Amino acid sequence: MQLGKYSFGIGDRFARQGEAQLKAFVEARKGGLDITPVWNKSNREHMTIGSEPHETRHEADNAVKRLDWSGAWFVDADHISMDNVERFIESSDFFTIDVADYIGKKASGRELEDFVDSNIKFTGKFSIPGINGSFNPTREMLYLIGGKFLFAIKEAAKIYRHIESRKGTNKFITEISMDEVSDSQTPLELFFILSAISAETIPAQTIAPKFSGRFNKGVDYRGDTGKFSTEFEQDLMVVDLAIKEFGLPENLKLSVHSGSDKFSIYPAIGSLIRKYDKGIHIKTAGTTWLEEVTGLALAGGAALNLAAAIYSAALERFNELCGPYATVIDIDKGELPSSGEVSGWDGDRFAAALRHEPNHPDYNPHMRQLIHVAYKIAAEYGHTYTDMLEEHKEIISRQVTENIYNRHFSRIFNL
Ligand SMILES: [Zn+2]
């Protein structure tokens with residue numbers, strides 16, 4: 001089972017927009033570009049909403065049937081660990097094994113020795129084709145890198161073997177993620193991480209490192225875009241060499257998590273993957289839900305009132321909602337409009353604040369991030385919320401499709 005060259009992860013909190021999401025991929029295909037849709041949902045999202053993984057599978061299957069999609073598609077058990085993988089086994093065929101929590105824990109002395117021994121040939125002057133200059137990894141550096149990452153990779157191997165024992169070999173795609181940590185991984189670290197992944201014979205097809213800079217949910221990249229570009233290019237070269245050196249799957253590629261809305265680095269990502277003819281997986285951050293709120297606002301009347309009520313509740317429950325996402329959002333409370341102000345807005349004004357059009361004078365990234373984490377409130381509305389989605393399906397679908405196609409595909413893939 002192989003993941004195509006270009007793939008795009010689409011989260012959908014309430015599992016209603018599968019068809020609207022897939023429409024963007026159909027459009028891309030008409031334009032000559034094959035992008036594989038991957039419906040991803042994490043355990044945290046399922047817990048917050050009270051949904052089950054089979055609902056995501058059902059949504060994906062239905063969308064594929066209704067639009068007659070003949071390409072590949074996958075359902076991704078996102079950021080899973082041994083504790084929660086079980087509920088995803090049947091409905092998923094893509095598993096993002098999250099090892100962030102294990103980084104820094106120590107492997108045994110024997111295991112660490114083996115890791116250093118098997119990589120000792122890279123010490124001294126070592127260059128990576130495509131990267132200017134050379135590295136000088138030392139034995140001590142290998143101990144440090146092994147000390148930081150080896151235990152985590154061994155943990156990933158345990159989870160991988162468990163999934164394999166249940167689903168069978170080559171019956172699912174494996175991604176390894178380590179993005180939800182505070183320190184980014186250097187290209188050299190990535191090389192030795194891939195060495196360990198290969199030693200554990202995990203057939204990873206995508207790897208999600210932590211890049212430098214902030215990847216906040218639903219808003220643009222914050223950081224040095226030039227530095228990101230250099231790092232991303234080096235990571236591409238590292239993956240290339242690791243495939244040859246360690247015999248990892250030929251289609252192994254980088255995965256960019258919280259990759260939606262990172263408009264300022266899309267030109268670099270796009271031009272580098274084209275320059276080197278490389279694949280990419282972009283995992284979006286459940287921003288389809290923001291398009292639902294935008295669509296409700298535009299629909300006006302009771303739908304707009306519901307959107308305003310969700311925002312007002314989110315303001316009141318700020319700490320509760322933002323707490324779990326503290327490392328992936330940056331909200332300046334002073335920049336948030338009051339409930340009173342928002343309840344006086346018409347649909348266009350509300351949509352303009354929320355929609356990610358960086359140059360629009362009314363765009364408010366603080367409000368956007370707060371609503372991003374406020375899906376719990378919509379879940380509490382239950383049928384009131386989902387019935388409203390149904391009632392305004394047309395206008396909402398349009399927002400969802402346009403967001404994926406116009407603001408993402410066209411920018412990343414130059415469509
Ligand atoms: Zn992630």
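Buried residues account for 46% of the 415 residues in the chain, a figure that, like everything below, comes from a predicted model. The chain holds 17 helices and 8 strands. Its radius of gyration is 22 Å, close to the 22 Å that the globule rule gives for 415 residues, so the chain is as compact as a globular protein of that length.

**Overall dimensions and contacts**

- Taken along its principal axes, the C-alpha trace of the chain spans about 70 × 45 × 40 Å.

**Packing of α7 with α8**

- Two packed helices are described by the angle between their axes and the distance between the axes.
- For helix α7, which covers residues 225-246, and helix α8, which covers residues 266-275, the axes come within 10 Å and cross at roughly 25 degrees.
- Because angles under 35 degrees count as roughly parallel, α7 and α8 are therefore roughly parallel to each other.
- The crossing in which α7 passes α8 is right-handed.

**Residues at the α7 and α8 contact**

- On the α7 side, the contact is made by T225, F228, S229, F232, E233 and L236, and these meet A268, I269 and L272 in α8.
- Sorted by class, the contact of α7 with α8 comprises 6 nonpolar, 2 polar and 1 charged residues.

Methods:
Residues are numbered from 1 along each chain as its sequence is written. This is a predicted model: local features need pLDDT of at least 70, side-chain atom pairs count only at pLDDT 80 or more; totals for chains, interfaces and linings use all residues. Axes are lines fitted to C-alpha atoms, for helices over the stretch in contact, and angles run from 0 to 180 degrees between N-to-C directions. Helices (H or I, at least four residues) and strands (E, at least two) are DSSP runs, numbered from the N terminus. Angles under 35 degrees count as roughly parallel, over 145 as roughly antiparallel, 65 to 115 as roughly perpendicular and the rest as oblique. A crossing is left-handed if the near helix is turned anticlockwise from the far one by less than a right angle, and right-handed if clockwise. Two residues are in contact if their C-beta atoms, placed from the backbone, lie within 7 Å. Ala, Val, Leu, Ile, Met, Phe, Trp, Tyr, Cys and Pro count as nonpolar, Asp, Glu, Lys and Arg as charged, and the others, Gly among them, as polar. The radius of gyration is taken over C-alpha atoms; the globule rule is 2.2 Å times the number of residues to the power 0.38. A residue is buried if 20 or more other C-beta atoms lie within 10 Å of its own, exposed if 12 or fewer, and partly exposed in between; C-beta atoms are placed from the backbone.
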